[in-house]
Amino acid sequence: MHITPLSPSIGSTIQGLDLSQPLSVEMVAELRANWLDRQVIIIRGQSLSAAQYLTFAQQFGITDIYPFLKGLDEFPQITPVLKRENETVNFGGIWHSDTTYQPSPPMATILHALELPPVGGDTLFANQYLAYETLSDGLKGTLKNLKVVCRADKAAVSKTRVDRIAESGRNINENELMAIHPVVRTHPETGKKALFVNPAHACHFDNWTEAESEGLLSYLFTHQVKPEFLCRHVWKLGDIAIWDNRCTLHYPVNDYDGHRRLLHRSTLKGDKPV
């Protein structure tokens, strides 16, 4: 197994693994340690069936079902992330952490690249440990006891799901999906603090109005994706990407109109943020 960093602050690329067969307990532990340290790992060159992909995902955690879309018939925990040649909107095309409108958002997301455009369609990731650590002590004090209301029906992210929901939606009422989380989250495994808001789902601070919340949330949204916190992953066919939703944001770049892109997606169950 050969590991190289994606950027100084976040991400690793891993080569020399074959995920078509279950990994040893020791290898899973080594992968998980690097993932917890680097937040995002990219395992190159994997040609996997849906069953093999799911077997690997389940070595990392308990797979969950995405609330809005039906998964594969045989494997409902696997959701196709698709943009067709004739479409101009990409699924989840905004900075976000996955499904923070749930009381216990996923701890991790896993993607497997099956079809890619000839160029473009990269994914950016942002280190939210650094986003928190680089705030002033005064602002950290202000945020310490704040909670944020996260919703599924925020307009900017809702429009990115329209095509797929029309095709394979679960008939879920997005207006009913809402959760309240601490603005600063303590990671349950590393013990480190991370900024836990995101532009896709964070609407306002708990017991604040949207108008009162707008200025501070806008500042945090800008701060948390500073270039020095980021890495950019250029996808190759067969890549498996695993990222920690508890301490990262991600953004799929929509710069490949006219080309098809398909990845398989699974999430792993997480716990209630504290």
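Predicted model: local features only at pLDDT ≥ 70, side-chain atom pairs only at ≥ 80, totals over all residues.
## Helix α7

Along the way, α7 bends by about 30 degrees at Leu-216.

Several residues of α7 are buried: Ser-213, Leu-216, Leu-217, Leu-220, Phe-221 and His-223. In an α-helix there are 3.6 residues a turn, so residues three or four places apart point the same way. If you look for what covers the buried residues of α7, you will find, among other things, helices α3 (128-133) and α4 (137-143). The cover also includes the strands β10 (193-195) and β11 (202-205).

## Two nonpolar cores

Now step back to the largest nonpolar core, which has 26 residues. Within this core, the residues with the most contacts are Leu-143, Val-183, Leu-195, Val-197 and Leu-220. The elements that give two or more residues to the core are β6 (123-127), α3, α4, β7 (147-151), β11 and α7. Helix α7 provides the largest share, four residues.

Which residues does Leu-220 touch, leaving aside its neighbours within four places in sequence? Leu-220 is in contact with Leu-135, Leu-139, Leu-143, Val-183, Leu-195, Val-197 and Phe-205. There is also a second, separate core, made of 24 residues, and its members include Leu-48, Ile-78, Met-107 and Ala-108.

## Aromatic pairs

The structure holds six aromatic pairs. One of them joins Trp-35 and Phe-60 in an edge-to-face arrangement, with 5.7 Å centre to centre and 75 degrees between the planes. This pair links distant parts of the chain: Trp-35 belongs to helix α1 (residues 25-38) and Phe-60 to helix α2 (residues 50-60), 25 residues apart. Trp-35 is buried because its relative accessible area is 0%, under the 20% limit. Phe-60 is buried too, with a relative accessible area of 4%. Together with Phe-56, Trp-35 and Phe-60 form one aromatic cluster.

Another pair, Trp-95 with Tyr-251, is stacked, at 5.6 Å centre to centre and 25 degrees between the planes. Here too, distant parts of the chain are linked, as the partners are 156 residues apart. Trp-95 lies in the loop between β4 (79-83) and β5 (108-115), while Tyr-251 is in strand β14 (residues 248-252). Are these two partners buried or partly exposed? Trp-95 is buried, with a relative accessible area of 14%, whereas Tyr-251 is partly exposed, at 25%.

## Charges over rings

Lys-140 lies over the face of Tyr-132, at 5.1 Å from the ring centre. In a second example, the charged end of Arg-185 sits over the ring of Phe-196, 5.0 Å from its centre.

## A closer look at Phe-75

Where is Phe-75 found? Its place is the loop between α2 and β4.

Setting aside neighbours within four places in sequence, Phe-75 is in contact with Ala-50, Ala-51 and Leu-54. Thr-109 is 34 residues from Phe-75 along the chain, and the C-alpha atoms of the two are separated by 16 Å.

Technical notes: Residues numbered from 1 in each chain as written. Heavy atoms only, no water. Bend = angle between axes of the 7 residues up to and from the residue. Buried < 20%, exposed > 50% of the residue type's maximum accessible area, 1.4 Å probe, protein only. Contact = heavy atoms within 4.5 Å. Phe/Tyr/Trp six-rings, centres within 6.5 Å; stacked < 30°, edge-to-face > 60°. Lys NZ or Arg CZ within 6 Å of the ring centre and 35° of its normal. Core = buried A, V, L, I, M, F, W, Y, C linked by side-chain atoms within 4.5 Å.
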